[in-house]
Amino acid sequence: MASSALRWLIPVLAIVAENAIAGTDVAVRLDSQMSSPRYLGAASCSSSSCHGGAGEQHNQFIVWSQRDFHQRASLILTNARSARIAERLSINDASISTRCTVCHSPLTTISSARLSDKNHPDSGVSCESCHGPAEAWLRSHTRRDYTYAMRVSAGMRDLRNWYVRANACVACHQTVDTDVVDAGHPRLVFELSTQTKAQPPHWREPADSPVRAWLTGQAVALRELSWKMQGNDRNSDPDALAQTGALAWLLSKVTSSDRSLPVILEDADSATLQRAADQLARHVSARTFEDGYSSAVLQMLISLATEFNRSSPVPGDVLFYRAKRVALACVALSETSDHPPVAPAELGRILEDVSSPVNFNARAFAEHLAAWRVTAATQ
């Protein structure tokens, strides 16, 4: 309560003074300011005294603008591949079509009334795409007497919360319309942990973040895929159906090995899977995992090598996605404090096995997974 009052004290006094002359309704003005803050653009973060300077605490804008692939997301819409996809979808210009810009340049889909004059909506996936519209919190978030919780209460998105972070990323990194995929768009697999590692970091993670990031990401991906399956012809998107089945299988193994986790049932219907996956994501995000937990999960996952063989009754596309999820989990969970930071050659072969569904060989994957299990056990 005290922090909330402190946050609004100065702006409230300013608006009250202004309205004493103008005679307008203070409550309406305040409600408008809080509910519809404007996007100020990446440039509002770029001064050398803020996030455009040198050093770990001041170089976030530099990292994003020079090294982060999100900055180049809008440029992808101008290349030849995007032009071919757009042509097949009868889209005149991918760089301005909301079907494309909603993920590649999300600020272009925001109402002009909520964009400042200095904003550049074509700047790709920029600061406010992740952290939220800055008007309500930009000035206050630099104050030394403000806690992180106070910044969040002012409107900054709480990306330290893995559930919130996963929700901010999954919509653009997991599901894509079937006709867009058929037109040539790559199929998407949301893997919060490894995709976070691939992004040049401008933040610090807590020690137990790998297992929380991995498991929260898996659960949120399953929730989104299950939602997509609801109300649709289950044969209309066989890839999404295969991914859903693979994730449900994987998380059923994880939750059955740890009874303290909310249960995922592999054969549950889509609506039940959606609810259970969201419950699991919330639970994991809020939980602290003890040392050695990731090792236990990892050993359980790589023991699944015996399930990948030629006699398996599982359809080939589902079997591929099962293997891919297990392989990516091995990467995510092996890069913890109790495992070597550099993946051994065996792990490299596992990743190569799942690089393409066309060339996937379940028996070879099982052999490589079993070999890596022996290697990991001796380290």
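A disulfide is taken here as a pair of cysteine sulfur atoms within 2.5 Å. The views show a predicted model, in which local features need pLDDT of at least 70 and side-chain atom pairs count only at pLDDT 80 or more, while totals for chains, interfaces and linings use all residues. Residues are numbered from 1 along each chain as its sequence is written, and side-chain values use heavy atoms, with hydrogens and water left out.

**Figure 1. The disulfide of cysteine 103 and cysteine 172.** One disulfide is found in a search of the whole structure. The sulfur atoms of cysteine 103 and cysteine 172 are 2.3 Å apart, and the link is left-handed, with -90° about the S-S bond. Distant parts of the chain are linked by this pair: cysteine 103 belongs to helix H5 (residues 98–104) and cysteine 172 to helix H8 (residues 162–173), 69 residues apart. Helices are DSSP runs (H or I, at least four residues), numbered from the N terminus. Cysteine 103 counts as partly exposed because its relative accessibility is 26%, and cysteine 172 likewise counts as partly exposed at 30%. For these classes, buried means under 20% relative accessible area, exposed over 50%, and partly exposed in between (1.4 Å probe, protein chains only).

**Figure 2. Cysteine 100 and cysteine 127, with their closest cysteine sulfurs.** Cysteine 100 takes part in no disulfide; the nearest cysteine sulfur, that of cysteine 103, is 9.5 Å away. Cysteine 100 has a relative accessibility of 16% and therefore counts as buried. For cysteine 127, the closest cysteine sulfur is in cysteine 45, at 4.0 Å, which is too far for a bond. Cysteine 127 is buried, with a relative accessible area of 16%.

**Figure 3. Aromatic pairs around phenylalanine 365.** Rings of Phe, Tyr and Trp (its six-membered ring) pair if their centres lie within 6.5 Å; planes under 30 degrees apart count as stacked, over 60 as edge-to-face and the rest as tilted. The count by this rule is seven aromatic pairs. Phenylalanine 308 and phenylalanine 365 have ring centres 5.0 Å apart and planes at 75°, so this pair is edge-to-face. Phenylalanine 308 lies in the loop between helix H14 (293–302) and helix H15 (316–334), and phenylalanine 365 in helix H17 (residues 362–377), so that the pair links distant parts of the chain, 57 residues apart. Phenylalanine 308 and phenylalanine 365 are both buried. The rings of phenylalanine 360 and phenylalanine 365 form a tilted pair because their centres are 6.2 Å apart and their planes at 55°; phenylalanine 360 is also buried. Ring pairs connect Trp249, Phe308, Phe320, Tyr321, Phe360 and Phe365 as a cluster.

Figure 4. Aspartate 177 and arginine 99 meet at 3.0 Å, N to O. Aspartate 239 is buried, with a relative accessible area of 14%, whereas arginine 187 counts as partly exposed at 46%. Glutamate 191 counts as buried at 1% relative accessibility, as does arginine 325 at 2%. Shared partners join the salt bridges of Arg223, Glu224, Asp278 and Arg282 into one network.

**Figure 5. Arginine 151 in helix H7 (residues 148–153).** Arginine 151 is buried yet has no salt bridge; the nearest side chain of opposite charge, that of aspartate 145, is 7.7 Å away. Lys and Arg count as positive and Asp and Glu as negative, while His and the chain ends are not counted. Neighbours within four places in sequence aside, arginine 151 is in contact (heavy atoms within 4.5 Å) with Trp137, His141, Arg143, Tyr146 and Met156.

Definitions and conventions:
Helices (H or I, at least four residues) and strands (E, at least two) are DSSP runs, numbered from the N terminus. A salt bridge is a side-chain nitrogen of Lys or Arg within 4 Å of a carboxyl oxygen of Asp or Glu.
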